[in-house]
Amino acid sequence: LLMSNILNLNELVKSSAVTFSLLCGFFILYCQQATSSEILAESAHVRIITDEKYSTDDVLRSRSIIKFFEEKAWPLIPSTIQAKLESSPFVINLVRTPGIDGLFYEETTSTPGQSNRVQIYINIKLLSDSDNALQVVTHEIFHHIHYLINPNEEAWIREGLAMVFEY
């Protein structure tokens with residue numbers, strides 16, 4: 001059953017790759033319209049920012065996500081990967097976009113010597129459901145870690161593994 005679901009996911013990803021790419025492009029353009037971001041919570045490894053209106057509860061929930069990451073997730077990341085991540089924290093952009101809970105996006109650059117920019121977007125509405133928020137954040141952060149290990153992995157493998165690591 002698992003293999004059948006993975007194969008179905010692979011076909012879905014292949015058949016909708018153009019649609020998905022366009023959706024991601026519009027999503028990124030939408031998110032980049034804002035001019036300045038405010039930091040809601042920050043640690044040595046994670047920074048949560050937003051351009052959206054937010055509540056005190058959103059700040060508290062952002063802090064709990066960071067606490068979860070630092071106490072539960074970070075210790076599980078192999079030290080060789082931690083070393084690659086030490087130079088820059090995960091930046092999670094909280095946005096209000098209908099129909100998208102989370103998105104990992106790697107913006108490639110053609111400038112020699114300049115590294116690609118990685119973005120993680122999470123729908124700010126998820127903060128009201130802490131279990132779902134942790135699941136989506138874990139999924140998107142896993143994409144970042146997997147990207148460091150194998151940036152050219154096939155989409156169905158990336159998604160399948162990220163889904164496994166949600167739990």
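Reader: Which side chains does E52 or R96 meet in a salt bridge?
Author: The side chains of E52 and R96 meet each other, at 3.8 Å from N to O. A salt bridge here is a side-chain nitrogen of Lys or Arg within 4 Å of a carboxyl oxygen of Asp or Glu.

Reader: Where do E52 and R96 sit?
Author: E52 lies in the loop between strand 2 and helix 3, and R96 in the loop between strand 3 and strand 4 (102–107). The pair is 44 residues apart and links distant parts of the chain. Helices (H or I, at least four residues) and strands (E, at least two) are DSSP runs, numbered from the N terminus.

Reader: Where do these values come from?
Author: This is a predicted model, where local features need pLDDT of at least 70 and side-chain atom pairs count only at pLDDT 80 or more, while totals for chains, interfaces and linings use all residues. Residues are numbered from 1 along each chain as its sequence is written, and side-chain values use heavy atoms, with hydrogens and water left out.

Reader: OK. How many salt bridges does a search of the whole structure find?
Author: Two. R47 and E42 also meet through their side chains, at 2.7 Å, N to O.

Reader: Changing topic. What does helix 3 look like in numbers?
Author: Helix 3 covers residues 56–73, which is 18 residues, and reaches 25 Å from its first C-alpha to its last. That is close to the 26 Å expected at 1.5 Å a residue; the expected span is 1.5 Å times one less than the number of residues.

Reader: Which residues in helix 3 are buried?
Author: D58, V59, S62, I65, I66 and F69. They are on the same side of helix 3, because they cover an arc of only 120° around the axis. The arc is that of the directions from the helix axis to the C-beta atoms.

Reader: And what covers the buried residues of helix 3?
Author: The cover includes strand 1 (38–42), strand 2 (46–50), strand 3 (90–95) and helix 5 (130–149). The face turned away from the buried side carries the exposed residues T56, E71 and K72.

Reader: What is H146 in contact with?
Author: Leaving aside neighbours within four places in sequence, H146 is in contact with P151, E153, I157, R158 and L161. Contact means heavy atoms within 4.5 Å. H146 belongs to helix 5 and is buried, at 7% relative accessibility.

Reader: Where is P151 found?
Author: P151 is in the loop between helix 5 and helix 6. With a relative accessible area of 40%, P151 is partly exposed. P151 and E106 are 45 residues apart in sequence but 9.4 Å apart in space, C-alpha to C-alpha.

Reader: L161 came up. Which nonpolar surface patch do L161, V164 and F165 make?
Author: One of about 270 Å². Patches are made of residues with over 30% relative accessible area and no salt bridge, with like charges joined within 9 Å and nonpolar side chains (Val, Leu, Ile, Met, Phe, Trp, Tyr) within 5 Å. The areas come from the Shrake-Rupley method with a 1.4 Å probe; for residues, only the protein chains shown count as cover. F165 is in helix 6 (residues 155–165).

Reader: Last one: how many helices and strands are there in the protein?
Author: Six helices and five strands.

Definitions and conventions. Buried means under 20% relative accessible area, exposed over 50%, partly exposed in between (1.4 Å probe, protein chains only).
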